[in-house]
Amino acid sequence: MKKNKIKNKIEGFSKLTKYEKIAWVNKTYFQDDKSSLKQIEQYWVNDSDLQKIHDEFSENTISNFLLPLGLAPNFLIDGKDYTIPMAIEESSVVAAACKAAKFWRKRGGFKTKIIDFKKTGQVHFIFNGDIDKLKIFFNKIKRKLINDCEKISQNMIKRGGGILDIELLDKTIDLDNYFQLNATFDTVDSMGANFINSCLEQFAKSLNREALIHEPFSINEKQIQVIMSILSNYTPECLVRAEVSCPVEDLESEFNTEGFAYKFEQAIKIAKSQKERAVTHNKGIMNGIDAVVIATGNDFRAIEAGIHAYAARNGKYSSLSDVKIKNGVLNFWVELPISIGTVGGITSLHPLVKWCLKLLQNPTGKELMKIVAVAGLAQNFGALSSLVSSGIQKGHMKMHLINILNALKASEDEKNKLIDFFKSNVVSYSSVEKELIKLRNNEF
Ligand code: MEV
């Protein structure tokens with residue numbers, strides 16, 4: 001065991017060429033197996049310039065990792081038509097989006113609204129002096145902090161954004177001597193991570209510099225100690241709302257389930273009141289959100305972290321979506337913090353991301369927030385409407401059947417026959433395997 005550990009250790013891996021890295025990994029973990037090499041190489045693209053773009057996105061790249069890119073047409077959002085690109089491996093997500101799009105299209109489509117559009121970041125620092133003196137000091141240097149970022153902000157200001165404000169926050173209730181410079185930003189069409197972090201690091205430098213020459217502090221150089229400067233992925237002030245509404249009777253007839261609207265309402269109330277269900281309920285919403293966020297080249301980890309924190313904003317993890325039934329009309333909505341961009345990052349580098357943005361008619365950052373929120377709401381509608389009517393497995397297993405057949409290496413002809421057979425039979429791995437064997441033995 002020990003011997004193995006020593007053998008597998010490598011220094012300077014990042015300095016090796018791509019081919020050397022692959023050779024090392026293949027020798028170390030795959031006994032120089034040629035088929036393992038093939039698996040890595042088969043995902044390289046022929047166009048070497050295109051491959052180089054992908055190689056340079058990240059460190060130690062050896063290949064590309066493919067995800068299916070699906071399309072969900074027929075979305076009507078604020079009166080405008082969209083075909084939404086979704087990068088996701090989970091079968092049935094795109095199908096559910098398509099179904100929801102069609103249903104709501106006939107009922108006026110999705111309506112959206114940007115509630116707020118601010119992002120924040122903090123310089124976290126420790127101060128162990130007189131708080132009143134710190135407040136005076138901050139008010140004195142606030143303008144300087146912003147002016148020192150002039151060069152960093154130039155382009156953002158030209159595009160209509162920039163630093164909105166900086167405030168001093170006393171966080172000593174949370175941690176002894178802990179304060180923040182809490183800054184708000186408008187990053188227009190970009191997610192703005194680099195812009196925000198560059199501003200914050202400049203604020204920290206200016207804060208240190210000014211503290212050293214500020215007389216009441218200069219006696220003790222260590223009175224202000226910056227710990228770190230970083231944007232926050234919690235963006236409750238970058239908030240979008242998406243909603244739909246229709247008569248209750250439309251739902252009952254479409255889903256052929258008595259009391260459908262009541263059950264739908266109860267399903268959301270359960271997710272609002274109970275975290276075990278809320279997490280799964282919200283995961284369904286994220287199926288739609290992540291798929292669009294990935295297809296448009298945005299950071300889905302940031303979105304996930306921010307949205308889940310928002311779901312717990314009242315001290316208890318709860319449903320992100322909500323519902324109201326009044327006078328025979330069901331109103332269903334979601335409010336989500338979505339900090340994303342349509343410029344910057346990989347949006348102009350990744351050819352498929354560029355293509356997806358073009359498909360969405362080159363949306364502004366705010367428009368993309370709306371589209372993403374709609375994808376989340378549509379997905380939640382799809383999941384809940386199945387859960388409270390036919391159950392989720394019918395649709396899931398239908399889509400999953402293809403995966404099982406592929407795993408069992410079924411031919412196209414075998415697939416067609418078994419897809420037909422399982423239209424009226426229950427799908428499970430073992431039942432598919434059994435029927436495939438029967439088919440191959442001519443016993444089908
Ligand atoms: C599966 O990916 C998502 C669902 O579990 C969501 C839900 O339960 O609401 C179907």
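Predicted model: local features only at pLDDT ≥ 70, side-chain atom pairs only at ≥ 80, totals over all residues.

**Entry 1: the shell.** I found Glu90, Arg277, Thr280, His281, Lys283, Gly284, Asn287, Ala383, Leu387 and Ile392. Sorted by class, the shell has three charged, four polar and three nonpolar residues.

Entry 2: I then looked up side-chain atoms facing oxygen atoms of the ligand. For Glu90, I noted 2.5 Å between a side-chain N or O atom and an oxygen atom of the ligand. For Lys283, a polar side-chain atom is 2.7 Å from a ligand oxygen. Asn287 has a side-chain N or O atom 2.9 Å from an oxygen atom of the ligand. How much of the ligand's area does the protein bury? On its own the ligand exposes 300 Å², and the protein buries 86% of that.

**Entry 3: helices.** Which helices each supply at least two residues of the shell? I wrote down helix H12 (275-295) and helix H15 (365-387). H12 gives the most, with six residues.

**Entry 4: domains.** Last, I stepped back to the whole chain. I noted its division into domain 1 (2-55), domain 2 (79-116 + 239-390), domain 3 (119-231) and domain 4 (395-440). I also looked up one separation: the C-alpha centres of domain 1 and domain 4 are 35 Å apart.

Conventions. Residues numbered from 1 in each chain as written. Heavy atoms only, no water. Near = heavy atom within 4 Å. Polar contact = N/O pair within 3.5 Å; in protein donor to acceptor, adjacent residues only side chain to side chain. Areas by Shrake-Rupley, 256 points an atom, 1.4 Å probe, with all protein chains shown as cover. Helix = DSSP H or I, 4+ residues; strand = E, 2+ residues; numbered from the N terminus. Nonpolar A, V, L, I, M, F, W, Y, C, P; charged D, E, K, R; others polar. Domains from an automatic or database assignment.
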